[in-house]
Amino acid sequence: MSQPVGHHGVIKWGLQSALWLCKVDVLPHPDAFLMPASVFSSIKGDLSGGITAGIVALPLALAFGVASGAGAAAGLYGAIALGLIAALLGGTRVQISGPTGPMTVVFASALGAFGGNLEVAMAVVLVGGLVQIGLGLLRTGSLVHFIPYPVISGFMSGVGVIIVLLQLGPLIGVPAESAPLQALLHLPQLLTAVNPQALTLGVLTLVILFLTPMRISRVIPSPLLALVLLTSVSLLLQFEVAEIGHIPVGLPEWHLPQFSLQDWSLIISLGLTLALLGSLDSLLTSLVTDSITHTRHQPNRELIGQGLGNMLCSFIGGLPGAGATMRTVVNVRSGGTTRLSGVIHALLLLTLLLGLAPLATHIPLAVLAGILIKVGIDILDYRLFKRLKTAPRSDILIMLAVFLLTVLVDLVMAVAVGVILAMGMLTRRVAREADIRFDDGNGHQSHQLEKIGPGVRVIHVKGPLFFGSASQMLDRIETVDQVIGTRHIIIDCRKVNFMDLTAIFALDSMVEKLEQHHQVRVVTTPALRTQLLQLNTPHLDERHLYTNLKAAQR
């Protein structure tokens, strides 16, 4: 039986924990406190940045919570839990994390897929968090640089359109549709059931968000201004519009995610979607933060921090999230320089939850819809839209395919198809770099087969020889078999950049076929010859492989 821990044991444990946190760069190193001026200056900036980011995050958390179907409280719980854990343990010092548009869309899909069962939907969040931790431990954070920009552009623009379409209903005072395609198809019907009071609030929200001067937004963020002002107008004029309703006061209750065997595959699929999307969203925000602060984030640590935060969300019924670009930029511009700013942002939201939650019950859903529509419009990738006429046509096709699949079909399928299309087009471009020419015996090269000596012909292969280029080049080599008078065939591969297994096996089969009527030699670099010998293919052995062209002609 374990012994009770006394006060000294608790103090000792606390000191050890603090020292460990310092080692992993979660808390400031004790030596930092030897410089009071810089520390106080940093704390002042972090207070300003954290409070400002928290004020900006409040209406967004409420809006995302309502839009997800889990309720406004779920948005606050997610912003607090993820914001705190990611700030302490993540790999980007000043990043502000919380519910985001793309993550809300995926979670809303999960909640709808399980008939509104929050516990099963939280199992999806738990799986997503675990996968994010696994990705961090496997050190895959740097792979975000390999995702083609057109895929990211099409996906983010698609998510922006989804948010706008799903919020059109609440904006005009009718219930939200469950899918963007349904919202688009039912739009004529929705317009016949407009609530003029809700539409007025929604339009005024958009006017405030788009037209508030920057000098005012720096003091009071425009989303908060719209929230406070238009909620007051709705109450004073006694508008009959849908409101948020009851928000629990106090700390969230502990929930255990539920798993069922019949839904296991769907839980895993949606969890992977959340993990990949959250990781991509967070790491892209980290890149933006690096460019602003002139620092470098730790991508793998960021994934672990985000995963732990989302895991905590799954146990308290919080909305999953990721690094939020707008809130992070607000934090930096307001003076945030360390992890303390993210902690202050989360503690401010917690304070509001514990004391001011009842004040949010009368916030009109039309106002939140206006805020979310502004978010959706901001997500659209205007940088690529402006270059649709001049950008490479292949990249535009990829972007449009991902965009349409995101809006009309499925988020995961959209990204998967986009990456596959990008890989296919890249393979085609690389394959075009491969070339095959024949030596005419006088040092000149052409695409026509000529003799280099009595009955000897040399085929020069240049560029990458892989699954995308092997078949077309080897088809041309096959024509050598039809040339009368050819006794010796030399395939010169010394200028081949690399050769994959598909090309090696194809070349082996071609040597076997040509050897029925000719003597065949393959000339390679020493390194490639060693690689081919190690594979021990039947017809690419020491009898056929050379590293010198003259030696191969003997």
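R543 forms a salt bridge with D541, with the closest N and O atoms 3.6 Å apart. A salt bridge here is a side-chain nitrogen of Lys or Arg within 4 Å of a carboxyl oxygen of Asp or Glu. The model is predicted: local features need pLDDT of at least 70 and side-chain atom pairs pLDDT 80 or more, while totals for chains, interfaces and linings use all residues. Residues are numbered from 1 along each chain as its sequence is written, and side-chain values use heavy atoms, without hydrogens and water.

The whole structure holds 3 salt bridges. R494 pairs with D492 at 2.9 Å, N to O. R494 is partly exposed, at 36%, whereas D492 is buried, at 5%. K374 pairs with D378 at 2.7 Å. Both lie in helix 16 (residues 365-379), 4 residues apart, about one turn of the helix. Helices are DSSP runs of H or I, at least four residues, numbered from the N terminus. K374 is buried at 18%; D378 is partly exposed at 41%.

The largest nonpolar core has 83 residues, of which L62, I247 and L368 touch the most other members. Helix 3 (residues 72-89) gives the most to this core, with 9 residues. Another core, of 22 residues, lies apart and includes I436 and V461. Such a core is a set of buried Ala, Val, Leu, Ile, Met, Phe, Trp, Tyr and Cys residues joined through side-chain atoms within 4.5 Å.

Methods: Buried means under 20% relative accessible area, exposed over 50%, partly exposed in between (1.4 Å probe, protein chains only). Helices (H or I, at least four residues) and strands (E, at least two) are DSSP runs, numbered from the N terminus.
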